[in-house]
Amino acid sequence: MADVFRQEWGRINAALIHQTGDWDLAEECAQDAFAQALRRWPRDGVPDRPGAWLMTVARNGAIDRLRRGRSYRAKVEELAVMATRETGTSNDAEPDADVDADDGGVPDERLRLIFTCCHPALAIEARVALTLRTLTGLSTAEIARAFLVPEATMAKRLVRAKHKIAHARIPYRVPPAGALPQRVPGVLAVLYLVFNEGYSASAGDELIRRDLCDRAVALAQVLAELLPEEPEAKGLLALMLFHRARQAARVNDSGDLVTLEDQDRTRWEQADIALGRRHLEDAFAARRPGQYQIQAAIAGCHAAAPTAQATDWPRIARLYQLLADMTGSPVIELNRAVAVAMADGPAAGLALLQRLEAGGALAGYYLLAATRADFLRRLGRNDEAASAYEEAAVLAGTGPERRFLNARLAEVRSLDSGC
Amino acid sequence: MQYMLIHAGAPDLDEAWNDEAWAALGAWLDEAIGSGVSIESSPLRMDADATTVKVRDGQLIVTDGPYAETKEQVAGYDVIECASAEEAVRWARGHPHAWMGSVEVRALVGGGSVAHQPGPAAGKTRYMMLVCTDPAVEPGELARVEPVEPWVAEMSSRGIRLFGSELEPSGSARTVRGKDPGAIVTDGPFAETKEQIAGFDVLECADLDEAIEVAAKHPMARAGLVEVRPFRSLEED
């Protein structure tokens with residue numbers, strides 16, 4: 001039942017917002033419909049088309065509320081027309097009345113909702129919160145917990161975003177084709193941010209984090225389906241799936257981070273990997289490469305390798321080169337150095353790293369120091385490695401990362417310096 | 001000679017409005033409209049509903065919020081017709097906003113040619129577009145800024161730009177604070193930010209996307225910042 005709810009919440013919200021223009025009303029009616037289902041389904045059994053059932057109940061609820069309100073005649077009529085179109089009966093029909101499709105024949109308006117929630121005129125935190133609330137049904141309290149802010153703060157953020165949508169007239173629509181190239185990256189970025197918030201081990205409740213990842217994957221799935229012409233949407237979905245496949249293997253029983261090299265690859269989720277591969281192939285078929293597709297290709301290389309040693313590092317290094325040319329990002333350059341070190345040895349990686357350090361763009365970034373430490377350790381330069389690990393541990397924010405670096409530090413200290 | 005009165009106030013301004021302030025605003029408008037001084041006037045939505053637009057290296061950058069973080073925010077405006085700056089300051093002194101917050105007085109470049117525009121048209125929203133300088137942009141860039149006339153011509157013919165004007169530099173602004181007879185007039189704008197309002201245009205658009213598109217095409221989007229903020233109609237409140 002939870003699965004049905006999660007799937008249908010966004011669809012119902014999107015349709016009701018489209019019909020009424022009222023975000024709060026839509027949410028209340030969706031909530032009421034789910035509450036009714038919780039009462040009735042255990043008693044009467046789950047209807048054949050649960051989505052249509054929920055949509056009908058929610059829509060009827062909206063009609064009732066609007067009738068009780070004052071000046072919404074036109075909107076009520078629109079809803080009533082929609083009801084007739086949908087069920088072939090009057091809007092007083094029982095929820096279980098015959099409908100011809102699982103979605104109750106209501107067009108899928110979720111794309112409008114996604115683009116509106118991810119509008120660039122909203123603050124990025126608001127985009128993330130609104131997307132999670134209206135599209136995935138995560139409660140305000142849960143979103144607040146996931147992002148480590150007080151619930152009242154999160155509630156205010158959501159209200160403010162909804163006010164801005166209404167007052168500044170942010171349109172509820174999918175941008176016209178000409179504007180899509182400008183708007184799609186922003187939407188993908190919000191979904192990736194949600195995923196990373198769940199995936200990064202920075203802080204917070206493990207269950208909530210895993211749930212965030214799953215919701216981000218589900219949203220990326222919806223987006224990839226609704227934007228079939230957009231290979232980057234499929235690329236992002238593939239990337240998330242490859243990452244999620246490794247989720248169980250990347251933290252050990254005591255909550256410590258396990259590097260890709262040391263992960264138990266039998267614990268990787270093969271279903272996610274296979275699905276990721278399929279979406280990536282689909283994406284590549286469009287022959288319009290982009291950041292997410294290339295990142296997914298890199299993650300796919302890792303996923304395909306039976307061991308760290310057997311990984312196609314030269315290919316990964318080439319992919320990072322492509323990505324670096326595309327983005328100009330120093331973090332990508334850092335990753336390229338890691339791949340080059342695996343392909344051509346730590347000395348080659350260190351040379352690239354030194355060029356990067358001279359640029360200064362990553363000063364204070366713990367992974368820069370941690371990477372240098374790793375190269376030095378593999379070159380047997382243990383003294384230098386130890387001081388780099390110390391530097392990295394100071395810069396690293398939290399639990400698992402810091403514990404990992406300290407463990408490595410102890411390891412190189414215990415070795416002879418080799419001089 | 002036309003002058004813009006920029007109303008500024010703290011974010012909790014709304015709660016501070018009391019019967020006395022409302023009555024004073026009503027009386028001020030009656031007198032200003034009756035005597036032909038008031039040409040245009042509207043309250044604006046607060047900072048939270050503002051959107052700032054700029055174009056850098058050909059990339060459109062849209063951000064939530066006003067052109068600058070200030071203690072007081074732009075809450076409304078008037079365009080008035082006066083014989084002199086002193087007369088404009090006198091009108092500002094009588095405006096309740098001077099004691100609710102502050103009123104900045106700025107002359108329109110070239111005397112101004114704003115005429116009253118009833119509306120908005122059905123289904124349209126009015127936006128105040130504040131054209132601002134950006135201290136992060138090097139002065140050379142500002143000197144190379146394209147002429148605004150083609151933009152004005154295009155947006156006026158599309159029925160989007162209703163009126164607007166460049167303003168005399170912020171250095172020439174005068175700001176009124178407090179309640180007469182105790183109101184204090186200081187030289188300079190209401191906020192000493194590095195970003196300063198250089199001009200304004202009133203737009204009538206179908207939605208925020210259209211307002212953003214129009215703002216992004218303004219030459220100052222490349223050489224400065226352009227904020228769009230919806231008008232506020234008193235009936236909705």
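Predicted model: local features only at pLDDT ≥ 70, side-chain atom pairs only at ≥ 80, totals over all residues.

Here is a short tour, with something to select at each stop.

Stop 1: Chain A has 419 residues, and 44% of them are buried. Now think about contacts between residues at least 6 apart in sequence: in chain A, 60% of these join residues at least 24 apart.

**Stop 2: the domains.** Next, give each assigned domain of chain A its own colour: residues 2-87 for domain 1, 312-363 for domain 2 and 365-419 for domain 3. Keep domains 2 and 3 of chain A on screen; their centres, taken over C-alpha atoms, are 19 Å apart. The contact between them involves 11 residues of domain 2 and 8 residues of domain 3.

**Stop 3: the side of domain 2 that touches domain 3.** Staying in chain A, select α15 (330-344) and α16 (346-359), each of which supplies at least two residues of this side. Which helix gives the largest share? That is α16(A), with 6 residues.

**Stop 4: a helix in chain B.** Finally, move to chain B and select residues 208-217, which form helix α7. Is this helix mostly covered or mostly uncovered? Mostly covered: 7 of its 10 residues are buried. To see them in α7(B), show the side chains of Leu208(B), Asp209(B), Glu210(B), Ala211(B), Ile212(B), Val214(B) and Ala215(B).

Definitions and conventions. Residues numbered from 1 in each chain as written. Chains lettered and ligands numbered in written order. Buried ≥ 20, exposed ≤ 12 C-beta atoms within 10 Å, placed from the backbone. Contact = placed C-beta atoms within 7 Å. Helix = DSSP H or I, 4+ residues; strand = E, 2+ residues; numbered from the N terminus. Domains from an automatic or database assignment.
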